[in-house]
Amino acid sequence: MSTLVEVKNLKKYFKTPRGLLHAVDDINFKIEKGQTLGVVGESGCGKSTLGRTVIHLHERTSGQILFDGKDVSDLSKHELKEFRSHVQMIFQDPFSSLNPRMSVSQLIAEPLLIYKTSKSSADLGKEVGRLMDTVGLARRFANSYPHELDGGRRQRIGIARALSLNPEFIVCDEPVSALDVSIQAQILNLMQDLQDEFHLTYMFITHNMSVVKHISNNIMIMYLGNMVEFAGAEEIFKNRLHPYTKALLAAVPIPAIIEGRKRQLLTGEITSPIDPKPGCRFAARCPYATDICHAENPQLDEVLEGHFVACHNVKEINQL
Amino acid sequence: MSQNILEIKDLFVQYSAGKDTVRAVNGINLTLEEGESLGLVGETGAGKTTTALSIMRLIPNPPGKITGGEILYRGENLMEKSEAEMRKIRGHEISMIFQDPMTALNPMLSVGDQIAEVIRLHEKISRADAMRKACAMMEVVGIEGGRAGEYPHQFSGGMKQRIVIAIALACNPSLLIADEPTTALDVTIQAQVLELIEQLKRKFNTSLLLITHDLGVVAEVCSKVAIIYAGEIVEYGTLKHIYENPSHPYTIGLFGSIPNLNETVHRLSPIPGLMPDPTKLPDGCAFEERCSQACEACGKGVMPYVEIEPGHMVRCIKFAGKEC
Amino acid sequence: MLSTKQDASLSQDTISIGGHGQTKEIIGRFLRNRAAVFGMVVVLFLLFCAIFPQALTQYDPIEQNLRDRFAAPSAEHFFGTDEYGRDIFSRVIYGCRTSMEIGLISVAISCIIGVVIGAIAGFYGGITDNLFMRFIDVLMAIPNTLLGISIVAALGNSIPNLIIALSIGSIAGYARVVRVSVLSTKGTEYVEAAYATGASDFRIIFKYILPNCLAPIIVQATMSVATTIMAATGLSFLGLGVPAPTPEWGAMASSSRAYIRDYWWLVTFPGLAIMTTAFSFNLFGDGLRDALDPKLKS
């Protein structure tokens with residue numbers, strides 16, 4: 001197995017009237033070919049910004065992005081277009097990510113037209129038809145418009161577009177969050193089938209814990225721009241080491257009757273990501289916080305094999 | 001046996017959309033006992049919100065219209081109330097929490113004023129007393145009373161939802177309808193809000209109708225569950241009935257669609273297909289074309305609503321003693 | 001709903017890239033709006049009058065006939081005659097041509113300039129936006145009528161000068177409408193999605209942004225035909241517009257002011273014509289706005 005995407009010390013800051021917003025702060029990770037990295041966190045933790053920065057939809061503030069071993073941190077206009085044929089994105093909201101003035105077939109043909117991959121319009125039609133079959137979209141919808149279709153079908157259009165250029169890497173930004181559960185399962189299964197068939201590598205961004213566990217090989221937990229924990233999907237659910245991960249997973253409502261269930265509640269205010277002071281950003285809400293947590297940034301350490309945690313007190317809390 | 005606070009009998013609601021008629025709610029029967037919490041679970045377009053708005057008599061007319069049935073609140077038919085009588089009931093007897101806390105608050109009024117306004121609508125007290133009560137209400141939902149003079153944009157999403165809850169509970173209603181109260185919130189905040197709803201329910205003995213698509217949330221808060229599909233209740237029972245013995249094929253499908261945190265499955269087993277178009281509902285069972293166990297008898301007539309164990313109702317022909 | 005054409009594509013290996021046409025849907029929605037259809041019929045009639053005035057009239061609009069001065073409306077002269085014995089009906093019909101010419105041409109000019117300015121300002125933002133919009137602010141700071149009066153006074157009374165004066169005055173409106181809708185379209189996820197597939201700026205402006213801004217532009221243009229015609233008649237009323245003896249509604253109303261007590265028809269019919277035109281264009285524009293609803297509600 002080889003590494004397809006590697007990110008080193010990636011930072012993305014936004015200028016706001018109140019100061020610098022640290023949306024993504026010093027993130028490192030690798031994704032192996034054919035695997036899925038799940039990125040989890042609550043709204044405003046920078047997970048979407050991270051995904052967009054990796055594929056150059058946002059320009060990074062600093063850091064390095066490697067794709068298939070090549071440094072793609074800085075790209076010329078021409079190189080960027082070439083890069084974008086290898087990486088694609090599936091968007092959260094299938095209601096707003098499709099141009100309402102284009103029909104289904106036009107939407108799917110668009111990337112093919114931009115890269116002029118088809119020689120004739122018959123070829124193009126054939127290719128669009130094949131893509132529609134691949135994502136399970138009936139051909140009778142070819143001339144329909146997005147607003148005439150339901151959320152599940154629209155998301156299939158989004159997936160067909162993302163697949164059209166045979167990309168290697170797809171950033172999926174909450175691709176099933178806007179869908180009903182029964183449709184959500186259909187789309188998740190489709191995405192897994194496509195991954196197997198085309199050896200796709202996914203970066204799967206979501207706030208839904210059960211979905212991310214289901215689809216990911218590795219999981220990264222983000223809190224206010226920082227990576228707080230990184231491990232294999234099974235491992236992270238078995239050994240929740242960071243206090244935030246513990247709270248996050250405990251808060252997920254489980255659709256089953258569990259006797260004596262008690263909620264573990266977080267108290268305290270969420271720290272502002274604008275010009276943050278040094279110290280752990282979770283310290284204000286952390287039940288285990290000590291003095292050092294308010295003073296120094298915790299480093300990401302490999303606490304167990306392949307299991308990274310950024311917490312000063314991880315050993316004490318978990319009795320390791 | 002405790003008294004029924006709410007009874008919905010054979011409710012039908014339709015919306016007209018141009019030439020078509022959307023049959024949003026088709027003969028719903030539900031009862032809610034005093035102090036009980038009922039989870040109404042279904043997908044987008046299943047008729048959950050329409051049912052809630054019917055109870056409040058807030059269906060926009062036109063295009064919507066309640067075409068049949070009655071809604072009894074403490075034995076009185078809300079359908080026969082005048083608009084003035086309904087206004088007294090809304091907020092005072094029955095309150096509703098809407099999904100999106102961002103749009104449910106007036107950005108031009110301080111949150112204290114918004115809570116006080118509801119109190120003054122239903123109780124004859126002075127402005128200062130209402131404000132004092134509003135501050136007390138904010139403390140109840142866990143926000144400092146001193147922040148009453150602040151405006152909605154100064155609060156986070158979770159706090160706004162608490163204020164919405166404070167407004168809903170300000171007049172101590174007997175029935176609270178919560179329409180997806182935590183869907184727009186993050187999980188850690190959702191846990192706080194659910195905890196709050198539960199505490200308040202215990203404290204004031206409020207009955208709760210919780211509308212959601214999330215079976216997890218229902219398991220945490222409710223004691224009874226009703227599953228709604230295409231405007232019909234397809235299964236109804238206690239939490240134990242539904243979660244340990246789900247019987248309607250749709251309910252089983254819903255559980256199969258959710259990835260389980262505690263088990264690993266390689267593939268999910270989703271329900272194939274889509275909910276039928278509510279303007280063209282098929283004859284017979286609305287779930288028939290997505291159902292793996294459907295047979296010829298499912299395609300005609302009204303599906304029987306069978307009690308398969310005491311208090312556990314399923315709308316499926318499979319349980320009516322007919323062979324499929 | 002499926003058309004037979006779509007069914008045909010099912011059986012084929014390849015599919016034709018295209019849509020079943022939203023135009024049909026839009027026309028359908030428009031036709032359901034009775035007021036809008038009424039407006040459109042009147043607008044079409046006015047256009048017909050403007051193009052073929054001779055088909056409806058038997059008199060020359062500028063031919064004087066002093067024997068027939070101040071004739072009351074009759075079978076011979078539907079709207080009567082004026083102080084020079086000219087047939088008012090003919091003058092009103094021919095006046096339609098003048099008004100339409102001024103209205104449509106100046107709307108076209110201001111629309112094109114305004115759209116270009118607004119699109120550039122909205123799409124590129126930053127300094128470009130600032131420069132263009134401050135220029136627009138300057139334009140907006142001058143009252144339209146005053147601007148019109150000054151331009152016509154400086155360049156002289158003629159139809160082309162009137163058109164120039166009116167066009168400059170209404171550029172600002174278009175620029176602002178277009179800039180705002182470009183800004184909101186630029187922020188949508190589908191434009192971001194287009195960037196993610198590698199589409200060029202040019203493609204994004206012409207395939208994604210402008211088509212989605214078209215509706216407000218069309219509506220604004222239709223509505224401003226009415227205001228422009230009103231402004232033109234206003235300037236003519238002041239004697240600064242169309243030079244005599246060209247038939248023009250504003251000038252007709254103005255010159256007949258003196259006779260309003262004795263000969264009501266002189267001022268009434270041009271007035272009614274102005275009103276009908278403005279009213280029908282507004283109805284038409286309102287109907288278009290509803291039909292082109294950008295949310296594309298089905």
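1. Two strands count as paired here if DSSP finds at least two bridges between them. On that basis, in this predicted model, chain B has an open sheet of 4 strands, ordered 2-1-4-5, with antiparallel pairing. Its edges are strand 2 (20-33) and strand 5 (76-77) of chain B, each of which pairs on one side only.

2. The link between strand 4 (residues 64-73) and strand 5 of chain B consists of 2 bridges, and the two strands run antiparallel. L72(B) has N77(B), in strand 5 of chain B, as its bridge partner.

3. The largest nonpolar core contains 268 residues. Those with the most contacts inside this core are M203(A), together with I115(B), A134(B), A166(B) and L209(B). Helix 9 (residues 201-237) of chain C supplies the largest share of the core, 15 residues.

4. Leaving aside residues up to four places away in sequence, A134(B) touches G112(B), I115(B), A116(B), I119(B) and A148(B). One of these, I115(B), is also listed with A134(B) among the core residues with the most contacts.

5. Between chains A and B, 32 residues of chain A are in contact with 34 residues of chain B. On the chain A side, the elements giving two or more residues are helix 6 (181-198), helix 7 (209-215) and helix 9 (243-251) of chain A. Helix 6 of chain A gives the most, with 7 residues. By class, this side of chain A has 18 nonpolar, 9 polar and 5 charged residues.

Methods: Residues numbered from 1 in each chain as written. Chains lettered and ligands numbered in written order. Predicted model: local features only at pLDDT ≥ 70, side-chain atom pairs only at ≥ 80, totals over all residues. Core = buried A, V, L, I, M, F, W, Y, C linked by C-beta atoms within 7 Å. Buried ≥ 20, exposed ≤ 12 C-beta atoms within 10 Å, placed from the backbone. Contact = placed C-beta atoms within 7 Å. Nonpolar A, V, L, I, M, F, W, Y, C, P; charged D, E, K, R; others polar.
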